[in-house]
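The following note sets out numbered comments on the structure shown below.

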Amino acid sequence: MEGKRVYVNLNPMVAYEKGLITWAKWVDLNVDPRRSRIIFRSMSPRHNRENGWKCYKQREPLGFASHPHVPQQMLVLKEVLRRMRFPVYLQDITAMSALRRDGHPSVYARAAGQDQEKQQHLKDDSSDCSHWCLPGVPDLWNEMLSALL
């Protein structure tokens with residue numbers, strides 16, 4: 001909903017940009033940069049077959065120059081932040097995390113009721129790229145944040 005207009009179908013990138021712009025306007029109007037600091041952590045990257053980042057059964061990180069992909073969400077985010085008056089620090093975890101296709105639980109997880117041998121032979125569809133192993137990549141995000149503070 002925007003004003004009195006309800007969108008039934010909205011491109012996800014347009015919706016993301018509208019949400020960020022609404023947030024940015026609120027920050028610019030309501031937050032005092034002399035008293036506050038805002039750190040915006042970027043999104044965790046997607047590793048899937050559609051974008052070539054297959055992570056199932058991966059045990060090694062990608063080489064730095066092997067996959068210079070910048071998600072469209074990052075382009076939208078950087079443009080919104082660039083237009084803001086309030087100085088927002090972007091903690092860009094996307095590029096760093098994209099290299100760690102090996103940091104997902106895929107082969108390390110054990111499905112309920114299955115032994116390790118069966119788990120190792122699941123198809124690529126069962127790869128879990130929305131969660132990360134701990135200790136691992138999220139710990140680095142937090143260490144970066146701690147250093148910023």
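1. A salt bridge is taken here as a side-chain nitrogen of Lys or Arg within 4 Å of a carboxyl oxygen of Asp or Glu. By that criterion, Glu-79, Arg-82 and Arg-83 are linked in a network of salt bridges. The network is taken up again in point 6.

2. Basis of the note. The model is predicted, and local features therefore need pLDDT of at least 70, side-chain atom pairs count only at pLDDT 80 or more, and totals for chains, interfaces and linings use all residues. Residues are numbered from 1 along each chain as its sequence is written, and side-chain values use heavy atoms, with hydrogens and water left out.

3. Overall architecture. Helices (H or I, at least four residues) and strands (E, at least two) are DSSP runs, numbered from the N terminus. The protein chain comprises five helices and two strands, which follow one another in the pattern α-β-α-β-α-α-α. Of its 149 residues, 31% are buried; buried means under 20% relative accessible area, exposed over 50%, and partly exposed in between (1.4 Å probe, protein chains only). Contact means heavy atoms within 4.5 Å. Among contacts between residues at least 6 apart in sequence, 78% join residues at least 24 apart.

4. The strands. Two strands are said to pair if DSSP finds at least two bridges between them. Strand β1 (residues 38-41) and strand β2 (residues 88-91) pair in the parallel sense over four bridges, and Phe-40 stands opposite Leu-90 in β2.

5. The aromatic pair. How many aromatic pairs are there? Rings of Phe, Tyr and Trp (its six-membered ring) pair if their centres lie within 6.5 Å; planes under 30 degrees apart count as stacked, over 60 as edge-to-face and the rest as tilted. The count by this rule is one. The ring centres of Trp-23 and Phe-40 are 5.4 Å apart and the planes stand at 65 degrees, so the pair is edge-to-face. It links distant parts of the chain, with Trp-23 in helix α1 (residues 12-30) and Phe-40 in strand β1, 17 residues apart. Trp-23 is partly exposed at 26% relative accessible area, while Phe-40, at 17%, counts as buried.

6. Salt bridges. A search of the whole structure finds four salt bridges. Arg-83 is partly exposed, with a relative accessible area of 44%, and Glu-79 is partly exposed at 28%.

7. A bridge between elements. Lys-78 forms a salt bridge with Asp-92, the closest N and O atoms being 4.0 Å apart. Lys-78 lies in helix α2 (residues 72-83) and Asp-92 in the loop between β2 and α3 (94-98), so the pair ties together parts that are 14 residues apart in sequence. Lys-78 is partly exposed at 40% relative accessibility, as is Asp-92 at 27%.

8. Arg-34 and Asp-32. The side chains of these residues also meet in a salt bridge, at 3.2 Å, N to O. Arg-34 is exposed, with a relative accessibility of 75%, whereas Asp-32 is partly exposed at 23%.

9. Which side chain of opposite charge is nearest to Asp-28? Lys and Arg count as positive and Asp and Glu as negative; His and the chain ends are not counted. Asp-28 lies in helix α1 and is buried yet has no salt bridge; the nearest side chain of opposite charge is that of Arg-85, 4.8 Å away. The backbone nitrogen of Phe-86 lies 2.9 Å from a polar atom of the Asp-28 side chain. Leaving aside neighbours within four places in sequence, Asp-28 is in contact with Met-84, Arg-85 and Phe-86.

10. Glu-2 is found in the segment before α1 and is partly exposed, with a relative accessible area of 38%. Beyond its neighbours within four places in sequence, Glu-2 is in contact with Tyr-7 and Lys-18. Glu-2 and Lys-18 are 16 residues apart in sequence and 9.1 Å apart in space, C-alpha to C-alpha.

Key
Polar contact = N/O pair within 3.5 Å; in protein donor to acceptor, adjacent residues only side chain to side chain.
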